[in-house]
Amino acid sequence: MKVVILAGGLGTRLSEETAVKPKPMVEIGGKPLLWHIMQMYSAHGLNEFIVLCGYKAEVIKQYFNDFHLLDCDITLDFATGERVIHNAPSVPWRVTMVDTGNDTMTGGRLKKVAELLKDEEMFCMTYGDGLADIDISASIAFHKSHDKLATLTAVIPPPRFGGLSLDGNLVTRFDEKPLNEGGRINGGFFVLSPQVLSYIENDQTSWEQEPLSQLAQAGELMAYVHNGFWQPMDTLRDKMHLESLWNSKNPPWKVW
């Protein structure tokens with residue numbers, strides 16, 4: 001199963017870091033947030049990634065191009081041009097990076113990789129700026145258990161977020177504005193049928209607006225309920241919180 005990661009936004013609320021790099025490349029514990037997210041999926045046996053780049057796409061491409069050079073020893077023979085990499089990290093990942101444009105909205109970015117997803121029975125999708133201890137395998141099993149096009153992960157957020165209305169596990173209303181304090185919101189870890197791409201009109205379609213609302217109205221959007229850890233990284237304060245959790249040596253999202 002393929003995992004699509006949205007990694008093209010500007011990250012303006014974290015401008016202290018994102019002036020020089022895209023938000024998913026901001027480091028927690030010396031590793032980009034994107035690396036942490038991929039490790040979470042890899043722990044569940046999902047190792048084929050499609051990274052949807054936009055703002056400063058070259059930073060993401062350079063990181064993966066140099067991936068084996070960053071955490072290993074290197075011998076360079078300048079006389080022969082030979083390069084020997086020692087103790088290279090071994091990860092089973094296959095990573096496709098697609099430059100989806102600086103100004104494309106989240107839905108538009110997803111639509112641009114329709115050809116890479118058309119033959120999939122289902123795929124996972126998430127944002128490049130959030131960490132959780134979600135049981136991804138269980139969310140996939142839940143998606144397989146119902147006959148709907150989309151599953152999102154419903155989490156309990158800080159009160160500054162919008163909300164969902166649920167009837168059991170069926171999403172009956174999707175709203176980016178707060179519905180009530182203490183309600184659940186879209187936590188950003190999806191399992192989707194490629195058919196959802198038909199709900200995306202063009203580059204300017206935001207996945208979080210018309211597509212999810214229309215899926216909810218059509219009775220095609222289900223919620224996998226997650227009661228554990230979930231934390232986005234929107235601000236410097238969020239980054240500092242995640243860094244402190246990593247330094248505690250028992251970060252809740254570290255399932256690998």
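Predicted model: local features only at pLDDT ≥ 70, side-chain atom pairs only at ≥ 80, totals over all residues.
A residue counts as buried under 20% relative accessible area, as exposed over 50%, and as partly exposed in between. Keep that scale in mind, because Lys-56, at 24% relative accessibility, counts as partly exposed by it.

Let us begin with the overall build. The protein chain contains 9 helices and 16 strands. Its radius of gyration is 19 Å, which agrees with the value near 18 Å that a compact globule of 256 residues would have. Along the principal axes, the C-alpha atoms fill a box of roughly 70 × 40 × 35 Å. Buried residues make up 51% of the 256 residues. If you look at contacts with a separation of 6 or more, 73% of them link residues 24 or more positions apart. As for the surface, the chain exposes about 12200 Å², and carbon and sulfur atoms supply 46% of that area. The side chains include 23 positive and 32 negative ones, and the centres of these two sets lie 2 Å apart.

Now zoom in on strand β14, which spans residues 189–192. Phe-189 and Val-191 point one way from this strand, while Phe-190 and Leu-192 point the other way. Strand β8, residues 123–127, runs antiparallel to β14 and is joined to it by 4 bridges; Met-125 has Phe-190 of β14 as its bridge partner. Strand β10, residues 150–155, pairs with β14 in the antiparallel sense too, over 2 bridges. Here Thr-151 stands opposite Val-191.

From the strands, turn to helix α8, residues 210–217. Its buried residues are Pro-211, Leu-212, Ser-213, Leu-215 and Ala-216. Ala-218 sits in the loop between α8 and β15, the latter covering residues 221–225. With a relative accessible area of 46%, Ala-218 is partly exposed, because that value falls between the 20% and 50% limits. Just after α8, Gly-219 takes a positive phi of about 70°. For a sense of distance across the model, Ala-218 and Lys-31 are 187 residues apart along the chain, and their C-alpha atoms are separated by 40 Å.

Ala-114 lies in helix α6, residues 114–117, and is partly exposed at a relative accessible area of 25%. How many Å separate Ala-114 and Pro-194, C-alpha to C-alpha? The distance is 7.6 Å, although the two residues are 80 apart in sequence.

Finally, consider the backbone at two lysines. Most residues other than glycine have a negative phi. Lys-56 is not a glycine, yet its phi is positive, at about 50°. Lys-56 is found in the loop between β4 (48–53) and α3 (57–65). Lys-249 also has a positive phi without being a glycine, with a value of about 70°. Lys-249 lies in the segment after α9 (236–247). Its relative accessible area of 73% makes Lys-249 exposed, whereas Lys-56, at 24%, is partly exposed.

Definitions and conventions: Residues numbered from 1 in each chain as written. Heavy atoms only, no water. Rg over C-alpha atoms; globule rule 2.2 N^0.38 Å. Buried < 20%, exposed > 50% of the residue type's maximum accessible area, 1.4 Å probe, protein only. Contact = heavy atoms within 4.5 Å. Areas by Shrake-Rupley, 256 points an atom, 1.4 Å probe, with all protein chains shown as cover. Lys, Arg positive; Asp, Glu negative; His and termini not counted. Charge placed at Lys NZ, Arg CZ, Asp CG, Glu CD. Pairing = 2+ DSSP bridges.
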